[in-house]
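Me: Can you walk me through this one? I'm new to reading structures.

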Amino acid sequence: MIDTQEEQMARAGDHNSEHAENVLSVRGVTVGFGSKVILDKLDLDVRRGEVLGFVGGSGTGKSVLMRTILGLTPRRSGTVEVFGHDLDRSSEAERKMVERRWGVLFQQGALFSSLTVKQNIQVPMREHLDLSPKLMDELATLKLELVGLPQDAADKFPSELSGGMIKRASLARALALDPDLVFLDEPTSGLDPIGAAAFDQLIANLRETLGLTVYMVTHDLDSLHSICDRIAVLGEKRVLVIGTIDDMMKNDHPWVVSYFRGERALRRI
Ligand SMILES: Nc1ncnc2c1ncn2[C@@H]1O[C@H](COP(=O)(O)OP(=O)(O)OP(=O)(O)O)[C@@H](O)[C@H]1O
């Protein structure tokens, strides 16, 4: 959309990366709170253009890892490279440019309740771009269309929306700056199975049409089966196993067996 010199510089970093096919590389990351270590020397790579599903037992640190990657939770050691940029070594301008290239859908949507849907979508635009109100309105209209929301949702407040509409509005906000990478924290939680399947389809379509890379924390077995190229399992403070759904079905780690082949998994069939 808008390609400033700084953005070109940030994009150029992609090609400097030793692993240009990885949009995200996490190495040796340790995170803890007080005496409690949550993640211990964790490694993870996310490939360009893939949908990576992230699963793990409750409290294993999926949200902590996502927040650490986003720079919202401090780590004790390790590196995080996004688009080939080590954010600890980046200048403020470079970091901002990298941030412009990712979008985030937090659990529960995290829309501002005092702003309309349109205003929510425009928050990242106001923060990162200098656009006229007319252009921002046009862009918000496009984002609403992209996520399948009716135009009359633009002037509604989050409290006036259904759960599924809130997820879509949050996704529209995450897409506000035309990101290359989106982080989704449990995007289908709280949706009925039909709403969840529709949301999965939307993510699959967006990946296809926009070439997005998707990092998705989820508990939803249907999403894992239907749209994820690879799945990473968090356990024992690290990525226990990463691979395709077929790899998960063959893996014999007890947690992986009970999650992918346990009673709940068999009920889906
Ligand atoms: N700011 C914090 N201070 C102290 N402990 C924290 C903080 N944030 C997270 N934790 C702890 O880190 C652990 C991992 O939490 P996290 O929310 O990442 O789990 P999760 O895997 O996302 O779980 P769920 O699937 O239930 O959402 C938990 O024990 C949690 O209590």
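Reply: Here is a quick tour, from the chain to the strands to the ligand. The model is predicted: local features need pLDDT of at least 70, side-chain atom pairs count only at pLDDT 80 or more, and totals for chains, interfaces and linings use all residues. Residues are numbered from 1 along each chain as its sequence is written.

Me: How many helices and strands are in the chain?

Reply: The chain has 11 helices and 10 strands. Both are DSSP runs numbered from the N terminus: helices are H or I with at least four residues, strands E with at least two.

Me: How much of the chain is buried?

Reply: Of its 269 residues, 37% count as buried. That takes 20 or more other C-beta atoms within 10 Å of a residue's own, with C-beta atoms placed from the backbone.

Me: OK, strands. What does β9 pair with in the antiparallel sense?

Reply: β10 (residues 238–243), over five bridges. Strands pair if DSSP finds at least two bridges between them. Leu234 stands opposite Val239 in β10. β9 and β10 form a hairpin with two residues between them. Glu236 in that turn has a positive phi of about 55°.

Me: And how does β3 run against β9, parallel or antiparallel?

Reply: Parallel, with five bridges joining β3 (residues 51–56) to β9 (residues 230–235). Val55 has Val233 as its bridge partner in β9.

Me: Switching to the ligand. Which residues surround it?

Reply: Among them are Phe33, Ile38, Lys62 and Val64. Near here means a C-beta atom, placed from the backbone, within 6 Å.

Me: Which helix gives the largest share of that shell?

Reply: Helix α2 (residues 62–69), with three residues.

How values were computed: Buried ≥ 20, exposed ≤ 12 C-beta atoms within 10 Å, placed from the backbone.
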